[in-house]
Amino acid sequence: MTYRFQGMAPLMSQAFLGTDLGPLGQQLIDLATRIPTPDTPPVLMDLSILLHLRGDHDLARSFQSQALSRQQIYVLPPKQAARLRLLAFMTPGDLSANTPLEFLVQDSDIELIQLYLPPDRPFPQEVPEHDVAFVAVGEADHTQGLLAALEAILPYWPRPVLNRPSCISRLSRDQMGRLLADSAELYLPPSLRVDRTILEQLGRGSLTMEQAYSLSLPVIVRPIDSHAGRGLARIDATPMLLPYLETQPESGFFLAPFVDYRSHDGWFRKYRIAMVGGQPFAGHMALSDHWMIHYLNGGMTESSDKRREEALFM
């Protein structure tokens, strides 16, 4: 029996709905431990996604690396005749490493061809036929080299290309603050790159936040290249930094002033908006009584009132 690659969209959707993915995980492990077949790479990729969803990121990266050492291209065919073939340039990494195109094309007539470009592998001599290419690689310190390489070759690409790599490379938290600092309509708290040793000095009281960065407490801190709240913490007093650093092994962090952005009714609101050609499109919104909002932890699925407000926003 041929195994059909599922990809992130259906697996994450099932996890969001509370489906027990344990039986599928065991099935994938059984398939992956058999004699290698052409099905092995997609099995390993789906197993990697499941492990990321469980929070077992080290093992997930290991399975993904094994898959990509055998195969760099993974195709998600549409459920109907393909009207358009979309080639996505992608980087190895966790679930937030690339633009999640799977969700955009799910249940459509678009065939998604995922081309992974690991740093230890050459660019393929041939790529599948496609109609449009899309740079799905997300901004991160470790993707700057790949984005630069794509920027050099894509002007000569034989098909239209969406999402310029040179624009993606400027989307780091600190650069965005500088790029939009002069906007009269926006307030972007500055995000500062901070070395671990400086945070240790702040935690020990050798420096004050005002002396080091002209910031007042509270502040928020997170590891560089982290997303989805991983390693994100609010620091109300500098001694809190030392126990925080005990849980975070990274050498570099972003530091920013904490902004109490509660509305008049006491709720924190997060709006996700996509800009396409300068035109804003609503993605989703979430409400929470906690400042660190994600759609999952905001209790959106459990509250009809919250979903009603989201519907009004949409």
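Reply: V219 is buried, at 0% relative accessible area, where buried means under 20%, exposed over 50% and partly exposed in between, using a 1.4 Å probe and protein chains only. Keep in mind that this is a predicted model: local features need pLDDT of at least 70, side-chain atom pairs count only at pLDDT 80 or more, and totals for chains, interfaces and linings use all residues. Residues are numbered from 1 along each chain as its sequence is written, and side-chain values use heavy atoms, with hydrogens and water left out.

V219 sits in strand β7, residues 219–223; strands here are DSSP runs of E with at least two residues, helices are runs of H or I with at least four, and both are numbered from the N terminus. Setting aside residues up to four places away in sequence, V219 touches M209, A233, R234, I235, L255, A256, P257 and F258, a contact being heavy atoms within 4.5 Å. Q71 is 148 residues from V219 in sequence and 43 Å from it in space, C-alpha to C-alpha.

Now for the core. The largest nonpolar core has 32 residues, and L28, M45, Y74, L86, L101 and L112 have the most contacts inside it. Such a core is a set of buried Ala, Val, Leu, Ile, Met, Phe, Trp, Tyr and Cys residues joined through side-chain atoms within 4.5 Å. Helix α3 gives this core its largest share, 7 residues. Leaving out neighbours within four places in sequence, L101 is in contact with L86, A88, L112, F134 and A136.

Next, the cavity. A cavity is a set of points on a 1 Å grid over the protein atoms alone where a 1.4 Å probe fits but cannot get out, and its lining residues have an atom within 4 Å of a point. There is 1 cavity of 30 Å³ or more. The largest cavity holds about 190 Å³ of space, a volume being the space filled by probe spheres set on the points. It is lined by 19 residues, with I49, Q64, D94, L95 and Y116 nearest its centre. Two or more lining residues come from each of α3 (40–54) and β3 (110–116), and α3 has the largest share, 4 residues.

Finally, the sheet. β3 also belongs to an open sheet of 5 strands, ordered β1-β3-β2-β4-β5 with mixed pairing; strands pair if DSSP finds at least two bridges between them. The edges are β1 (73–76) and β5 (161–162). β1 and β3 pair antiparallel over 4 bridges, with I73 opposite L115 in β3.

Terms used:
On a 1 Å grid over the protein atoms alone, a cavity is a set of points where a 1.4 Å probe fits but cannot get out, and a pocket is an open set with protein on both sides within 12 Å along at least five of seven lines; lining residues have an atom within 4 Å of a point.
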